[in-house]
Amino acid sequence: MLGSSRTPLGGTRPKSHQAQQARDELISGRYNLTHPTAVYPLDSNAPNGKQRFPDFQPWKHSIDEDLIAESHLQKGFFEAPHVGNELLSARNIMHQLLRSENSLDELSSNLLKSINVHTLNTKIGPGSYKPPPRVTLTDQKREAWLRDLSQEDVPLRKLARTIPHGIRNKPLLDQCLSKNIPINRAIWLVRCVGTNELRQLKRKGGANIEIQWVQEWTRQVLEFIEKLSQDYLNFESFHRATSLLSSADITVTDSKLNEETKQELLQQFKSLIVDSFNQSVDNFVLPSNWRQLEPTLKTLLNLNDPLISKRFELISYRNQSLMINYSLDKDVSYKDIVTLFDSLGTTTTTSDVVGAMLTGDWRINVNHMLRWTITKYRHDYSRIFFTADVLKKMKSGSQISSKDMEIEILSFVLDVPHLLSQIVLKNLFLLLNELSRLKLFKVSTYMRRLISSGLIYQTNNATEKQIHASILKNLRPQKSSQAVMILKNLETEKDKLGYNPEEKLKAASNLLNGLEDFFTDTEKVSYLEGLDVGLKLEVSDAYISGLLANENLFPLLTFKEFHRIVKTELFLHDLRGLFTFVMKGLESKTLEEAVVLLICDIFTTFKRVVKNITQWDAMCRLLVDNAIMMDSLKCLKKVSALLKGDPLAESLYEETESLVKAKSTHLDTVAITNSLLESGVSLQTDQLLQESNLNHCFQVLIRAFFTDNEAQRSKSAILFLLNVLKDLHTTEFNRALFVYIKKTYSNPAELFKHEPLVDLVVTDLLQLETLATMFIGFRSTVHTGIVLDVLFKDLTQTTSPEHLKLELLRSRVKVESPSLILNLFKESLAESDQKLDSIQSDSAEIISKLLPENKSNNYRSELFTCFIDILVHDRALVVTMLESLDLNSRDVLVDLLIGAITSNTDRIDTDEAGNSYSQLADLVKKLDRFNLEVFQVLLRLKLNSNTSSQELLSSLEQIITESTNKEKFFGSMFELLDASLKTKLLHQFEAMFLSSPTFPSVVQNNQVVSLEVLTDTLITLSRGCEVVPLPDEMLFSLDVSLESLIRVVSQTENSFDDLHTAIALFLKILIIHKTSLINVVIERNTIKESFLNNLVNLLSTKIVSQNLQLKNLLYDLILSIKASVNELNSSQSTMVKLPLSIMNLPAISPADNTHASTSQLKQNLHDFSITQNLYLFSKMPPAYHEMHLKPFDLVEDSNVVENMNDTAIGLQLFEAAMEKRNPS
């Protein structure tokens, strides 16, 4: 039966029927809608299931629904209007009413009458105001009056009868704070006091009385807030801090009072700063404080937000553009990524450099770092390992892939032949081997690039082929036939002597593993020194591996053997292998005391390298453990000195220092007694330990040491006893030793004695710097020659441990004592080569007693190398030295600087370059970021204010015209010039731009001058000058150029970069002369009107208004001029009127509402919304006007009328009053 649920013959249902049923169930479930949640029904009283909901109509499968669905699908759905036109439904009615004759007048009249009735009904009586008189009260009565003021229930009418005399300025604020006076009542007191003060000042007469009083009162408030903030943060006054906190939502606990409240206040302050930045960036146009504000603002803002980041860049540009007049610090120099590299170890850490490298274009930064590592203008050996460590961290901690890093390094290596005159090849070889070890540079890829470039098959390019052949040979030996083939094609005929690194490696290993010390054999030293860098490192690896293979090495290792290993590794330039060996030795904890002391000296000298190569904290821990285990006070002191001031080892330093203090109280009297017996001096142990016998014991020991220094055993004992004296009485001992040496060696004849000065230095009894400074102070050529030899003589072929310690010490002196090195360099410049040679010959016999014999020289090149390093790190010290040079020394230094800039292949004639200004242009072509400091000194020596203007101008025009360098640092060449010469050059460069026939472009000698270079040059020349003079001819040029610039901008439809640069350059010239320009504006009305109006006209041009940077720069400049004139008006009787275009200048940075305020106002703060949307009604003629005021404007003035307006609200502002009456 159709539709029956039974199946035929009691079997299962057909499959088609099952499918149809499934579809029906699916359809039923699909349209079985449930009631929406969180929506109220239209008929809430209806029973469940029959309630109706808005915009919710389940499908009922009715015929009407099907028709509606079909219509909606074909024609679309829309709701039919109930009227013909909803927007004009009441138009006809209103039109008829408004067309009546008196309808509008009646409407306005009725509205005004209702307002008048409302005003009359709400007005109680007229207000009255009379400043309360001030009377002198006793301290007790004054305190009682202030106490009543703090009580809300004490009416103001009672207090307004008299107010205490003598409460004003900061004491007034202090009393309000200490008495917890409510804010409204405190402001009432301030207004009462201020009104009386103004009345007295007006009686005396004078101009701008109110402005002066407001400025003074503002200054008092600011000073009070500053002092209160400092007191509060330091918690010098607990009660004051507590009273301040009582009005804030801060929970104060016992021990956490200081820290918690500080953090809470700082958080609120941060929120206020961020809110202010989001409201308007104009609040942060603070060029005088931007240098201090910028880093703090960076940490507070979310610069990951593109909008905030863009606005921060804009405000940074605006401040930096206006900072020209505020950069008065003469030591300010060009800051970039290279400056960050140079500050490493002083103010910069490795993490800082890694972060800076990843900012901006990392490829350019990597290129700069590689050049900085191998440039000949930097001589710190640790740069190699620092660069390798930074590149490794960049690859591992960022999105930079290994392949991208390898490609960038390889591109730099292939470009090395073009940098040949500016780099040190030995440093390049060491760097590439280090990068190869870290897998940042692959030799196989390098060789494939050489083959694919076709260089090895070219017959020309001999220099480039030779460079790449040297690189390949100085890498670690390559065993592939490909390397042999490439070298064969790259090397010249005379260099093709065969590539056999295996034989050299075997021969060198035999020399190192021999029983005899190879340093005493000149031929062996020369052979090892002539090995390629990569082969040296391979020899060092084999040498260290062979040593560490001996399991019993460290228990049996003597100080002499350890000294030989250290000297060998330093000779092979393998610091990594040396520190690997040292760490293994420290881990064994079986080293001698002398070995640990030498390790401390090595770490002190190569501290930066150790941190880059090893795990510094683990190495320090091993050092401390070894010193503790051997229970040596001397070792503990050495380790403590090494760790002092290191933030990474602060806890270890504290631990070591506590052990030093504990052990210093327990002297080893047995060792002291034994040393006294060995020395043979007539002193007793008790006598040595008494402070009163210090001078006597010192004289006995020092004389015995100088007269009996042939006996090694007695000498060691005396040195031990002298160290005991120094530990007991350090200051007095140092003074006595200084006096003794100065007295002994003041006579040059005494230098021929065999005094062991080196022993005193290497045992830390006498500082090398002190000895050198003392000898220089004798003003003797013999003494100076000794200092030069001690600091610079080659000690390679020496085997004495004392000489190794001396090498480490003098390496530190060259870095830590720049004044000493500059004094020696100054002496070397003042003397001729011949005279310096005679100095060395005079001291040769003396030096032979102190140091091994070696060929003497004047060490000028070594001193010049140190001079360049000091110039990079301490420019102010070098400038001081330059001031004291005579003319001959200046000429010698100029030749050295020119020689450093040029190379043997492209060297300029130094005589011609040194005496002709025109040759400076050829030198400037070689300017780069790494020799910038050298050029600064060279220009300071060559350019002076006595040079004729025409000659100077022609030479500088040639420099700036022929320079192809477009980098920002070009203008920094002039930083070290004298202020007078800077001003002279500034005017000449400005005239070059303003008076150019092709203005706003500049063409000299048929070549276009780069306006970017000219801009940077002007900014550099203006730095350090507080007020730059503005001659009349320059003022005229500015006026004419401004009109010309407006004409060019108006006629140009499309903007372009050169025009933007010209406008920016013109505006920066105005900023440079802003102070002088304001004075001209004040004195000359004709120029003032035209010039300032033209500035506003320039602001309104299409090109400027569409360029955000130019628009803000010009706007800030105009505002700065306006503010300066207004400030001047407030301090003088004669008012300076500015043009209306300046006075009505609109804001260009509206408030930004895209960022919601993150700070919530506290309940105790005032809500400014209560004073918004207020209107004042004017009777004649009747009209309403917007009323803008702040809540404090509503504060009631004093009122002495009884029962009238006893509130904090000033109703007299609305011509109203409040009176208390009994109801009648």
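Is Cys635 buried or exposed? Cys635 is buried, at 0% relative accessibility; buried means under 20% relative accessible area, exposed over 50%, and partly exposed in between (1.4 Å probe, protein chains only). This is a predicted model, in which local features need pLDDT of at least 70 and side-chain atom pairs count only at pLDDT 80 or more, while totals for chains, interfaces and linings use all residues. Residues are numbered from 1 along each chain as its sequence is written, and side-chain values use heavy atoms, with hydrogens and water left out.

**Cysteines and disulfides**

- A disulfide is a covalent bond between the sulfur atoms of two cysteines.
- The rule applied here asks for a pair of cysteine sulfur atoms within 2.5 Å. The count by this rule is zero disulfides.
- The cysteine sulfur closest to that of Cys600 belongs to Cys635, 6.5 Å away, which is too far for a bond.
- Seen from Cys635, the closest cysteine sulfur is that of Cys600, again at 6.5 Å and too far for a bond.
- Cys600 is buried too, with a relative accessible area of 1%.

**Around Cys176**

- Cys176 sits in helix H7 (residues 169–178). Helices (H or I, at least four residues) and strands (E, at least two) are DSSP runs, numbered from the N terminus.
- Cys176 is buried, with a relative accessible area of 11%.
- Beyond its neighbours within four places in sequence, Cys176 is in contact with Ile181, Ala186 and Leu189. Contact means heavy atoms within 4.5 Å.
- Ile187 lies eleven residues from Cys176 in sequence and 9.4 Å from it in space, C-alpha to C-alpha.

**Helices H25 and H28**

- The axes of H25 (residues 533–548) and H28 (residues 575–588) come within 10 Å and cross at roughly 10 degrees. Axes are lines fitted to C-alpha atoms, for helices over the stretch in contact, and angles run from 0 to 180 degrees between N-to-C directions.
- H25 is therefore roughly parallel to H28. Angles under 35 degrees count as roughly parallel, over 145 as roughly antiparallel, 65 to 115 as roughly perpendicular and the rest as oblique.
- H25 brings Ile544, Leu547 and Leu548 to the contact, and H28 brings Gly577, Phe581 and Lys584.

**Helix H34**

- In H34 (residues 669–679), the buried residues are Ile672, Ser675, Leu676 and Ser679.
- These cover an arc of only 105 degrees around the axis, so they are on the same side of H34. The arc is that of the directions from the helix axis to the C-beta atoms.
- Val670 and Leu677 are exposed, on the face of H34 turned away from its buried side.
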